[in-house]
Each structure stands twice: as C-alpha cells, then as structure tokens.
Amino acid sequence: MNNSAFTIFIVFGFIWIFMATAAVIALFKSDGQEIRISKMGLIIIIPIILPIIITLSYAAFKGAF
C-alpha cells in the first residue's frame, strides 16, 4: 500500500486522541471540578490508552520502513 495512506491514518488517530483528551478536560472544567487523576483512574486509563499508542506506533514504524 501507499505510505501516505498510513501517514494520514496515524495523524488522524493522534488528532482524535488529542481531541478526546481536550473534550474530557473541557467537560471537567465547565463543571468547575478540579482535574486530578487518582490511582484508580490510572488503572482505568492505562489499559485503554496504551494499546492505542502501541497500535498507532506499530503502524507508523511498519509503514515507514
């Protein structure tokens, strides 16, 4: 396949991750809540975010080489 298609896919994935993060922060700030991440929050966030990062990184390196 064409490498530009993989590059567009990776960039699009990272944009969606950043938009989702900004949306969650904006949601918390609109309610006047303080943003803090507890140990339980990390236990929930890490298994969700880590596979996304690994998959996008793999696709970037696989498509680049």
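I began with Leu-50 and found it in helix α2; helices here are DSSP runs (H or I, at least four residues), numbered from the N terminus. I worked on a predicted model, in which local features need pLDDT of at least 70, side-chain atom pairs count only at pLDDT 80 or more, and totals for chains, interfaces and linings use all residues. I note that residues are numbered from 1 along each chain as its sequence is written, and that side-chain values use heavy atoms, with hydrogens and water left out.

**Entry: accessibility**

I looked up Leu-50 and read 45% relative accessibility, so it counts as partly exposed. The class lies between buried (under 20% relative accessible area) and exposed (over 50%), with a 1.4 Å probe and protein chains only. Ile-52 also lies in helix α2, and I recorded it as partly exposed because its relative accessibility is 33%. In helix α1 I checked Val-11, which is partly exposed with a relative accessible area of 45%.

**Entry: distances**

I took two C-alpha to C-alpha distances. Ile-52 and Asp-31 are 28 Å apart in space and 21 residues apart in sequence.

**Entry: nonpolar patch**

I found a nonpolar surface patch of about 960 Å², whose members include Ile-37, Ile-45, Leu-50 and Ile-52. Such a patch takes residues with over 30% relative accessible area and no salt bridge, nonpolar side chains being joined within 5 Å. A salt bridge is a side-chain nitrogen of Lys or Arg within 4 Å of a carboxyl oxygen of Asp or Glu.

**Entry: largest pocket**

I read about 550 Å³ of space in the largest pocket. A pocket is an open set of points on a 1 Å grid where a 1.4 Å probe fits, with protein on both sides within 12 Å along at least five of seven lines; lining residues have an atom within 4 Å of a point. I noted 17 lining residues, with Thr-21, Val-24, Phe-28, Ile-37 and Ile-45 nearest the centre. Helix α1 gives the largest share of the lining, 7 residues. By class I recorded 13 nonpolar, 2 polar and 2 charged residues in this lining.

Terms used:
Grid points are joined across faces, edges and corners, and a volume is the space filled by probe spheres set on the points. Helices (H or I, at least four residues) and strands (E, at least two) are DSSP runs, numbered from the N terminus. Ala, Val, Leu, Ile, Met, Phe, Trp, Tyr, Cys and Pro count as nonpolar, Asp, Glu, Lys and Arg as charged, and the others, Gly among them, as polar. Patches are made of residues with over 30% relative accessible area and no salt bridge: like charges are joined within 9 Å, nonpolar side chains (Val, Leu, Ile, Met, Phe, Trp, Tyr) within 5 Å. Accessible areas come from the Shrake-Rupley method with a 1.4 Å probe; for residues, only the protein chains shown count as cover.
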